[in-house]
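Here are my notes for your review. Please read them with the model open beside you.

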Amino acid sequence: WEVGKFSFHFLVSDDLFIVISDLLREIRPTAGVLSGAIDRIEKHLGALAAKSRENKLGKVERRNTPNFPTSQDTSSQGIMRYTPDLLAHTLSLIHHDVFLGLRPHCLLNMSISDDTPVVKDPHWHDAMKEFLGAYSAAEVFVYDFTVSQIISGNSPNDRSQSIEFLIDVCDFLEREHNYCTLLWVLNGLSSKTVRRLSSTWSRVSSAKRNLFKDLQKTMKTCCNVHSFREKTYEPGDRFTIPCIPPVESYLAAYLQRLDLPDRIEGDLINFEKREGMASLVHDILKLQNLKYVSSSNAEVKRYLNFQQRKLNVKGDILPRVAKVLAEEPENFGSDHEDIFVMKLISPEQHRSFVNLAKTFLANPSIYTFSY
């Protein structure tokens, strides 16, 4: 492979550096006798990076030059090349934009027809479909990303380090009041594949295991709208602390109230139904109007975008799942099982939201996870 033939691409887009770097990282464990060739490719890429930027900008911007991991530099593999707070900050900004896509008018124009939520106005129907598409894609990606980063480790020790890193990410997400992404990462850490990794969990420190359990309890509490309000309200006003709420819980609660009868006994208007719906919409508007402050990183965003494109094709995940599970014996009832808090979100709420997403997206398998 003559790396020089590709040098002109580096003048156009730095993304190619990230893509090739990640590809080299993934094939290194199985490279065998070709590991030396991979080292030389990385060396040439580093030189081309410097030369291309010097030609383009007139100087070398060393602080932006990609840091290609070598075979000895195991600390910079995958997400471990970043810090937990940096990854949490970047995810928060990305998913806050997704949350802003939830238009209250979509909810106000929604009704229940034959036990199915519908929005009759075509404009708001399309807006709701767009939001649910973005939200579902983000949730599925974070789940897949969490599982894939753990099972990519070559040993239980490597996988335990990834779990500890992701628990730290969850800790920062909770500090940033990002309960939306926090739920998604915790679901990935609690997936049936990751739960099976007894040897891996035995290497996770007791401090991280306790933190993981506490974060699950916090998330389970926040998945109840009333409890979430109590945790995040300030006296005298609703939500002065910017946060990303558990959107799934809010939509499920709204659908529950929407399904109540408009009239009650004596043909009286059901004001309780309307008050409940208005209260939920008011919460969403208030949270969307608060300025959510967090820092982002262009390199982390590129890395996440690359991972999302790769995970769109899940053929490489399933064989890896099978291989890792074969390496670690199934040992349910072991001492790590008690750290998992069952059902972070109630089955009724989850079922209500999934049915909503499937209805608007016409995708019956969108929330079907096989690992």
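Predicted model: local features only at pLDDT ≥ 70, side-chain atom pairs only at ≥ 80, totals over all residues.

1. α7 and α10 are oblique to each other. Their axes come within 10 Å and cross at roughly 130 degrees.

2. The crossing of α7 with α10 is left-handed. On the α7 side, the contact uses Tyr 179, Leu 182, Leu 183, Leu 186 and Leu 189. Helix α10, residues 206-222, answers with Phe 212, Leu 215, Gln 216, Met 219 and Cys 222. By class, nine of the contact residues are nonpolar, one is polar and none is charged.

3. α7 also matters for the pocket list. It spans 179-189 and is one of the helices that each supply at least two residues to the lining of the second largest pocket. The largest share of that lining, three residues, comes from α7.

4. How much space lies in the second largest pocket? The figure is about 670 Å³. Its lining has 21 residues. Asn 187, Ser 190, Lys 343, Leu 344 and His 350 lie nearest the centre. The lining divides into twelve nonpolar, five polar and four charged residues.

5. α5 (122-151) and α16 (347-361) also supply at least two residues each to this lining. These two helices pack against each other, with axes 9 Å apart and an angle of about 120 degrees. They are therefore oblique. Their crossing is left-handed.

6. Which residues of α5 meet α16? They are His 125, Met 128, Lys 129, Leu 132, Gly 133, Tyr 135, Ser 136 and Glu 139. The α16 partners are Phe 353, Leu 356, Ala 357, Phe 360 and Leu 361. Eight residues of this contact are nonpolar, three polar and two charged.

7. Another pair to inspect is α3 (residues 84-100) with α6 (residues 156-175). Their axes lie 8 Å apart, and the packing angle is about 55 degrees. That makes α3 oblique to α6. Is the crossing left-handed or right-handed? For α3 and α6 it is right-handed.

8. In the contact between α3 and α6, Pro 84, Asp 85, Leu 87, Ala 88 and Ser 92 come from α3. Phe 165, Asp 168, Val 169, Phe 172 and Leu 173 come from α6. The classes are seven nonpolar, one polar and two charged.

Notes: Residues numbered from 1 in each chain as written. Heavy atoms only, no water. 1 Å grid on protein atoms, 1.4 Å probe; cavity = no way out; pocket = protein on both sides within 12 Å on 5 of 7 lines; lining within 4 Å. Points joined across faces, edges and corners; volume = space filled by probe spheres on them. Helix = DSSP H or I, 4+ residues; strand = E, 2+ residues; numbered from the N terminus. Nonpolar A, V, L, I, M, F, W, Y, C, P; charged D, E, K, R; others polar. Axes fitted to C-alpha atoms, helices over the stretch in contact; angles between N-to-C directions. Parallel < 35°, antiparallel > 145°, perpendicular 65-115°, else oblique. Left-handed = near helix turned anticlockwise from the far one by under 90°. Contact = heavy atoms within 4.5 Å.
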